[in-house]
Amino acid sequence: MTVRDVRLARSHSGPRLADGPRVADGPGLADGQSAGAEDRFRVADAVDELCQQMTDLCASAVDSLEIAATLEAEVGLTSKTVRARYGFTDVFSLAEEMHRRTILRPAEPEPGPDPWRASPALHVAHGLLYALPAVSYAAAAPSLAGANVPVVLAAGVLISWALSQGMAYLGYARLSRADPGGAARLLRCALAASVLVLLAGLGATALVSPMAAPVFLVAAAQGVYLLGATVLLVMRARWWLLCALAPGMVLGAAYVLAGAPATLAGLGWLPLAVCALTAGVLAVVRTARAGSSTGPIVAGSELRGALPHALFGLLAASLLVFPVVGGGVGHAPMVPVAALLSLPLSLSMGAAEWCLYWYRRRVHRLLESSDTVERFASRARRALLGAAARYLAGVTLLIAATLPVAAATLISLDDAVLWACASYIALGCALFVALLLQTALTGAFTLMACAAALGVEVVLVLDPPLGWGWGVISAQLLACSVLFIGLLARGQRLLSQVVAHT
């Protein structure tokens, strides 16, 4: 129970007025002597006058000890003065009487700084940072030919997403302990280790699913870029990330606008490789400038804390790439549509970040303004629904804006494409609520729910007798819609509790 809660509880218990000038009749009189009526009224008037002089303090005091401390430290009363002037044995007994006589009117605390205040332009910029690499992907598209391309690219996404989520947790955990030097050193070492793991994973995938060299380079480049971008974002160097993107975007745009000239055939992977290399170098430079740190690079407890976040990144990436990988397994291959819809979904991550900040800022204000737990719970549920509705509107608008691009790229806007749009909207909403629940330290339920949704998709897509033989998009729409509803219901119950936000 906070101080404010104690004050409110006391203020609701009814007025506490003095019962009359009976102060001098009790043991409060010096030497146990009884006083006459005139002395009793004189003492009572003196106490009342003191209470009036200290009205603000007495009305908002948590207990009599707060009043006693002020009487001694600021007013300068001693036990001898109290016995002579007010007829009480000491300062504490006088303070108890003053507290008993006062009607409590607790003062509202001053609102603290809002830790979730941010500019919408900042979130828009983050959304662009998530989506701008698509310019380089467009340049690399002609090089991505072959039956194993979706599998290889998906492997790179799965590995890099899992590693980047774990790295982000470790970096933010160190920064929260006011150890920027330790965070920089940890992220620098984690970046090097993650790149090695990524290359090893892609190498193992290449042994199972043979691929052309450009495909391997694209998969490696997109993973390295994501890992470098994670380090820069954690170290609050978003403008450095924009500088890392600029060369690759210029090269990619020039390559596409030039119509992929034959003289440069096979070099479409180069812009993305430039982005990845620049992001990696800048991440190393940025972490080298953050200062030194002593102690171990990473503790076992930190690795255990990062594991749920890495698993969440793996499951989220699996849900994202499943339509691309499973396009050849189900009965309605939708690889081009799924690849195209990944762009607005990436852009919507900026909207998701803004909605997350809006929700946390709203809950922060509710914690300060709500006078009962029940009222906070009701308002917190409405705030969660409001945040989900805001993200739903944002991702719907972004995907709707993609439809003219789909038509221009000769993708027929039939019912299948519209179902694909709906499935990616459901996926985005599910991932948004899952990310919000992750911030409330409810990782176990979120991981189980995402794993169950992925399992449902697999079972629905596989042919009998192992599955149901559904189309990939239909399976994703059903699984992600149920996932979104389930996570939202979980959030309505869990995030309406005060302890989830403290």
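## A charge over a ring

In this predicted model, the charged end of R490 sits over the ring of F445, 4.7 Å from the ring's centre. Here, a charge sits over a ring if NZ of Lys or CZ of Arg is within 6 Å of the ring centre and within 35 degrees of the ring normal.

## How to read the model

Residues are numbered from 1 along each chain as its sequence is written, and side-chain values use heavy atoms, with hydrogens and water left out. Because the model is predicted, local features need pLDDT of at least 70 and side-chain atom pairs count only at pLDDT 80 or more, while totals for chains, interfaces and linings use all residues.

## Salt bridges

How many salt bridges are there? The count comes to four, where a salt bridge is a side-chain nitrogen of Lys or Arg within 4 Å of a carboxyl oxygen of Asp or Glu. One of them joins the side chains of E97 and R100, with N and O 2.7 Å apart. These two residues are three apart in helix α6 (residues 91-101), so about one helical turn separates them. Helices (H or I, at least four residues) and strands (E, at least two) are DSSP runs, numbered from the N terminus. Both E97 and R100 are buried; buried means under 20% relative accessible area, exposed over 50%, and partly exposed in between, using a 1.4 Å probe and protein chains only.

Now let's turn to E302. R174 forms a salt bridge with E302, and their closest N and O atoms are 2.6 Å apart. This pair links distant parts of the chain, 128 residues apart: R174 is in helix α9 (residues 149-176) and E302 in helix α14 (residues 300-325). The side chain of E302 also meets that of R177 in a salt bridge, at 2.5 Å from N to O. R177 lies in the loop between α9 and α10 (180-208) and E302 in helix α14, so the pair ties together parts 125 residues apart in sequence. E302 is buried at 7% relative accessibility, whereas R177 is partly exposed at 48%. Salt bridges with shared partners join R174, R177, D179 and E302 into one network.

## An aromatic pair

The whole structure holds one aromatic pair. Rings of Phe, Tyr and Trp (its six-membered ring) pair if their centres lie within 6.5 Å; planes under 30 degrees apart count as stacked, over 60 as edge-to-face and the rest as tilted. The rings of Y391 and F432 have centres 5.1 Å apart and planes at 10°, so they are stacked.
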